[in-house]
Amino acid sequence: SLTSVGTIGTGVWNAGAVTSSSTIQGVDIGLGTSPASFGTGVPTLNFKGTVDNSRAGAIIFEEYDGTDCASIYVTDGTDAYGTVITAHQGSLKLGTGSLTSHGLTIDQSNNATFSGTIGATTGSFSSGLSVATSDGLLITGVPNYKGITITGAGGGRPAINFYNVND
């Protein structure tokens, strides 16, 4: 078992292979920096860029043959990247509860599919909600006698207004 480790700087960590029967427990690891921790009992992997270029670190996941599967790339955002999570193959899926509980799926064409309700249960849309596409707004899969319902608050009288872009 690996129970403590020092700084792993630039170069190769030649500490031997970790096999399927090896255990790494309770270790804070620093790559390019000293190990840091989020708190007691929270093993932490800490990345620090080694050159003054706004880049902090990356994790690349590969198949056995070296084919990239996914990556996480993090910068300070000044390079227009910020934090990027990429699925190089298949879809990117976010969920909670289990591996098969996907709340959001983004396919290879960057189309997003939500599995549940999209909404805001707190706060307000004080500036309104805007949906703008070059193809307009399309709502599909609406069953018979269902549609768009707008409910006013208090004594409010909701309306659907149509405007010409030039008005």
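Start with the rings: the structure holds one aromatic pair. Select Tyr73 and Tyr81, whose ring centres lie 5.6 Å apart with planes at 80°, so this pair is edge-to-face. For the rule behind that, rings of Phe, Tyr and Trp (its six-membered ring) pair if their centres lie within 6.5 Å, and planes under 30 degrees apart are called stacked, over 60 edge-to-face, and the rest tilted. Stay on Tyr73 for a moment: with a relative accessible area of 23%, Tyr73 is partly exposed. Here buried means under 20% relative accessible area, exposed over 50%, and partly exposed in between (1.4 Å probe, protein chains only).

A word on what you're looking at: this is a predicted model, where local features need pLDDT of at least 70 and side-chain atom pairs count only at pLDDT 80 or more, while totals for chains, interfaces and linings use all residues. Residues are numbered from 1 along each chain as its sequence is written, and side-chain values use heavy atoms, with hydrogens and water left out.

Now click on Ala80, in the loop between β5 (68-75) and β6 (83-87). Ala80 has a positive phi, near 75°, in a residue other than glycine. Is Ala80 buried or exposed? Ala80 is exposed, at a relative accessible area of 73%.

Ser54 is the next stop, in the loop between β3 (45-47) and β4 (55-62). Ser54 isn't a glycine either, yet its phi is positive, about 75°.

Then pick Gly90, in the loop between β6 and β7 (92-95). Gly90 is partly exposed, with 43% relative accessibility. Draw a line from Gly90 to Ala70: they're 20 residues apart in sequence, and C-alpha to C-alpha the gap is 9.5 Å.

Zoom out and switch to cartoon view. How many helices and strands are in the protein chain? The chain has zero helices and nine strands; these are DSSP runs numbered from the N terminus (helices H or I, at least four residues; strands E, at least two). Of the 167 residues in the protein chain, 8% are buried.

Last stop: select Leu137, Ile139, Ile148, Ile150, Ala159, Ile160, Asn161 and Phe162, which line the largest pocket. A pocket is an open set of points on a 1 Å grid over the protein atoms alone, where a 1.4 Å probe fits, with protein on both sides within 12 Å along at least five of seven lines; lining residues have an atom within 4 Å of a point. The space in this largest pocket is about 450 Å³, a volume being the space filled by probe spheres set on the points. Colour the lining by class and you'll get seven nonpolar, one polar and no charged residues.

Terms used
Ala, Val, Leu, Ile, Met, Phe, Trp, Tyr, Cys and Pro count as nonpolar, Asp, Glu, Lys and Arg as charged, and the others, Gly among them, as polar.
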